[in-house]
Amino acid sequence: MRSLRRVLGSVRWYLRELTDESAYDRYVAHVRQGHPDARAPSRRDFERMRTDRQEADPRRGFRCC
């Protein structure tokens, strides 16, 4: 049973990294470590900032997928 949980945990981690679902968690950890007095944005605000940054970069262009 323990090995099954470990495998499922690894699959979950892989899928979160593959889809970049963990980007918000990494950003919040960065804010808390580097700026302990700052308030981390909500997930919605983070996704909006991320989308705006992607749309504004002419080298990357905006892609939905």
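Mentor: The count comes to eight salt bridges, where a salt bridge is a side-chain nitrogen of Lys or Arg within 4 Å of a carboxyl oxygen of Asp or Glu. The model is predicted, so local features need pLDDT of at least 70 and side-chain atom pairs count only at pLDDT 80 or more, while totals for chains, interfaces and linings use all residues. Residues are numbered from 1 along each chain as its sequence is written, and side-chain values use heavy atoms, with hydrogens and water left out.

The chain has three helices and zero strands, with helices (H or I, at least four residues) and strands (E, at least two) taken as DSSP runs and numbered from the N terminus. The order from the N terminus on is α-α-α.

Start with Arg-26 and Glu-17, whose side chains meet in a salt bridge at 3.2 Å, N to O. Arg-26 has a relative accessible area of 43% and is partly exposed; buried means under 20%, exposed over 50%, and partly exposed in between, with a 1.4 Å probe and protein chains only. Glu-17 is also partly exposed, at 33% relative accessibility.

Another pair is Glu-21 with Arg-43, where the closest N and O atoms are 2.9 Å apart. This pair links distant parts of the chain, since Glu-21 sits in the loop between H1 and H2 and Arg-43 in helix H3, 22 residues apart. Glu-21 counts as partly exposed at 36% relative accessibility, and Arg-43 is partly exposed at 29%.

Asp-20 follows H1, and its phi is near 65°, a positive value in a residue other than glycine. With 28% relative accessibility, Asp-20 counts as partly exposed.

Is Arg-50 buried or exposed? Arg-50 is buried, with a relative accessible area of 15%. Leaving aside its neighbours within four places in sequence, Arg-50 is in contact with Asp-20 and Ala-23, contact meaning heavy atoms within 4.5 Å.

Ala-23 leads on to H2. Ala-23, Tyr-24, Val-28 and Val-31 are buried in that helix. Seen down the axis of H2, the buried residues fall within an arc of 135°, so they line one face of the helix; the arc is that of the directions from the helix axis to the C-beta atoms. Helix H3 (43-56) is included in what covers them. The 12 residues of H2 (residues 23-34) should span 16 Å at 1.5 Å a residue, and the end C-alpha atoms are 16 Å apart, which agrees. The expected span is 1.5 Å times one less than the number of residues.

H3 also holds a pair within one helix. Arg-48 forms a salt bridge with Asp-52, with the closest N and O atoms 3.1 Å apart. Both lie in H3, four residues apart, about one turn of the helix. In general, an α-helix has 3.6 residues a turn, so residues three or four places apart point the same way. Arg-48 is partly exposed at 49%, and Asp-52 is partly exposed at 36%.

That leaves H1, which has 17 residues and reaches 24 Å from its first C-alpha to its last, close to the 24 Å expected. One of its residues is Leu-15, partly exposed at 45%. Leu-15 belongs to a nonpolar surface patch with Val-7, Val-11, Trp-13, Tyr-14 and Leu-18, with about 640 Å² of accessible area together. Patches are made of residues with over 30% relative accessible area and no salt bridge; like charges are joined within 9 Å, and nonpolar side chains (Val, Leu, Ile, Met, Phe, Trp, Tyr) within 5 Å. Accessible areas come from the Shrake-Rupley method with a 1.4 Å probe, and for residues only the protein chains shown count as cover.

For the chain as a whole, 17% of the 65 residues count as buried. The chain exposes about 6,100 Å², and carbon and sulfur atoms supply 53% of that area.
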